[in-house]
Structure formats: structure tokens, C-alpha cells
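Visitor: I would like to walk through this model. Please keep the answers brisk.

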Amino acid sequence: MKNRLTSISILTMTGLFGLLTVFLIFLFWILDWPILYALLGSIAGLIIQFLIGPWLTDLNMKWIYKAKFDSQLPEYMTDFISDVCEKNNMKMPRVGYIDDGAPNAFTYGRTKNDARVILTRGIFELLDEEEAKAVVAHELGHAAHYDILIMTVAQLAPMVLYSFYQACFSTKSTRHDKESRNGEGAVKLIGIIAYILYIISQYLILWLSRTREYMADAFSAESTHNPNALSSALVG
């Protein structure tokens, strides 16, 4: 399972950054633009988001959704999470509890060793123990497979492409001679190409995301030894 996930991730990343590389080479060839600033700006924004994102989400969970990270979970769930983490060489995640009757669970963080798992009251009220463990195992699978980190890096390609698209269509020349109009036309063409590649990259992102969801499902089935529990939890 891990080998397959790694192969798919490498293939998708190659496609994403291959598109970006071809576009940048084309841009350097067509225009003499100082695009380094746009590129660095996109990368810096992504790094900042990655570094402070979990902290901001923590605040959001506490202030808006009244999540409690020090709540006592049922003993069976605490033991199950501890067992899964030990088998997969990862630290125990911080578990947040939201007093909401709708069954919901999700994870966020940077790596598998600083993951947060958010669970609602509905998970424990509407699901039986096996179903609840299957849902939590799915979320732990995302952390164990470094899905958060990989999806953050993957988003760099469409982010850069869209930044160039916006820059191309917001650039207007103050001159009105033929040479200036030709140059503006080239800029617009590059913007269109950037947008087309942006759309393609978004579909690759969706494919990568869906693949990692399937792998998290497989992780849940492997961890619980009960593949039907997750499907019954989702149906219920």
C-alpha cells in the first residue's frame, strides 16, 4: 500500500511541477521579465501558511467551535489511538472534542508527529465502537502518510500558475504604439497559457487528493481489521 501511494504521489508531483517548469522556461524564452519576485512571493506565502496554519486552526477550533483539547476520550478510543500510533511510529495526536451532535472528524497539522484530530460528540453517539475507531483510523492514516505536507507542497504549482495569470491580466502598458500593443498581447497570451495549466494542475491535485483518501481508507481497514466498519459509519 505504501509503495503504491509513494509511486502515485511521485507521478503526480512530477506532472504538477513538470507543467510549472515548462511554463517558466516558456516565460523566460518569450519575455525578459523579473519573475523571480512573483515566484518567491508564492513560495513564501505557502511556507508561512504551512508554518502558522495549524496554530491558526487551533485558535479557530477553540474560539469558533469551542473545541476542547483536554477532554477525556472513551478508554477504548484512547487505547486504539495509542496502539495505531505505536505501530506506525508516530506520536499521539492532539485530539480535540467539539460538542456537536453531527458526526464529524478531520485532521490537520504539519507532519505525522504534530497532527491534530478533531472529533464531534456525534461520532460517539451515532456510531458504535468499531465504526468510531474506523473513522479515527482514517484520519490517523492521513497523518501517517504525510498527506497534509504533501498536499501543501502540491498546491505550490497551481498557486504559482494562478499568480502569473493574475499578473499578466493586471499589467497594462501606458504606451499605445504598435510595439507596446504587441508586447501586451504576448503578456495576455502567457496569462491564458498560465490559466490553462492552472486548470490542468487543479485536476491533478484532485486526483492526488482522492487517491490519498482511498489510501487512508485502506489504512483504516488495515488498522481495525474490519473494512466494513468504515463503510457502515459513512452510510450511517
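Visitor: Is Leu 51 buried, partly exposed or exposed?
Guide: This is a predicted model. Leu 51 lies in helix 2, residues 36-63. Its relative accessible area is 47%. Buried means under 20% and exposed means over 50%, so with 47% Leu 51 falls in between and is partly exposed.

Visitor: In what order do the three strands of the open sheet lie?
Guide: The pairing in this sheet is mixed. Strand 1 (94-98) and strand 2 (105-108) each pair on one side only, as edge strands. Strand 1 pairs with strand 3 (residues 116-120) in the parallel sense, over five bridges. The order is 1-3-2.

Visitor: Which residue in strand 3 is the bridge partner of Arg 94?
Guide: Strand 1 and strand 3 are parallel partners. In strand 3, Arg 94 has as its bridge partner Arg 116.

Visitor: What is phi of Asn 89?
Guide: Most residues other than glycine have a negative phi. Asn 89 sits in the loop between helix 3 (75-87) and strand 1. It is exposed, at 64% relative accessible area. Its phi is positive, near 55°.

Visitor: What is phi of Tyr 146?
Guide: Tyr 146 is in the loop between helix 5 (129-144) and helix 6 (147-154). It counts as partly exposed, at 32% relative accessibility. Here too phi is positive, near 60°.

Conventions: Residues are numbered from 1 along each chain as its sequence is written. This is a predicted model: local features need pLDDT of at least 70, side-chain atom pairs count only at pLDDT 80 or more; totals for chains, interfaces and linings use all residues. Side-chain values use heavy atoms; hydrogens and water are left out. Helices (H or I, at least four residues) and strands (E, at least two) are DSSP runs, numbered from the N terminus. Buried means under 20% relative accessible area, exposed over 50%, partly exposed in between (1.4 Å probe, protein chains only). Two strands pair if DSSP finds at least two bridges between them.
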